[in-house]
Amino acid sequence: ADTRANKKAQAEDSLRNLVEEKSVAGPVEGLNHQIHELIGQRQTITDRIREISQLKHDLQNQITEADRRQKRLRSALEAQANAKQKLLQKLTEFRRDGNNAP
């Protein structure tokens, strides 16, 4: 009878230990799942930051190129205005010389 009581006590202890392990295992598995989700989100965020950095770099290059084009256009417009001014001056000289012709 004593052996039977010992076996019953051991079985109850084993059962209690299993229940305790299960009650801890569930939340631990949930936490592990959350940790893996967070790691995935972190990777997604890291990838997105990398993409945004590349886009920023590309935009800076486009702005630099647009500035160069704007300077070239401004120089071309100035050259055009100077050429127009010289033509008007020549025309004025031509008319003056033509009116003074004998």
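Me: Is R68 buried, partly exposed or exposed, going by its relative accessibility?

Reply: Keep in mind that this is a predicted model. A residue counts as buried under 20% relative accessible area and as exposed over 50%, with partly exposed in between, and R68, at 46% relative accessibility, therefore counts as partly exposed.

Me: With which side chain does R68 meet in a salt bridge?

Reply: Side chains of opposite charge can pair when their charged atoms come close. Here the side chain of R68 meets that of E65, at 3.3 Å from N to O, and because the two residues are three apart in helix α1, they are separated by about one helical turn. E65 also forms a salt bridge with R69, where the closest N and O atoms are 3.9 Å apart, and a network of salt bridges links E65, R68, R69 and R72.

Me: How many salt bridges does the structure hold?

Reply: The structure holds five, and one of them joins R48 to E51, with the closest N and O atoms 2.8 Å apart.

Me: How many helices and strands are there, and how spread out is the protein?

Reply: The protein has one helix and zero strands. Its radius of gyration is 44 Å, well over the 13 Å that the globule rule gives for 102 residues, so the protein is more spread out than a compact globule. The C-alpha atoms fill a box of roughly 150 × 10 × 5 Å along the principal axes, and 0% of the residues count as buried.

Key
Residues numbered from 1 in each chain as written. Predicted model: local features only at pLDDT ≥ 70, side-chain atom pairs only at ≥ 80, totals over all residues. Heavy atoms only, no water. Helix = DSSP H or I, 4+ residues; strand = E, 2+ residues; numbered from the N terminus. Rg over C-alpha atoms; globule rule 2.2 N^0.38 Å. Buried < 20%, exposed > 50% of the residue type's maximum accessible area, 1.4 Å probe, protein only. Salt bridge = Lys/Arg side-chain N within 4 Å of Asp/Glu carboxyl O.
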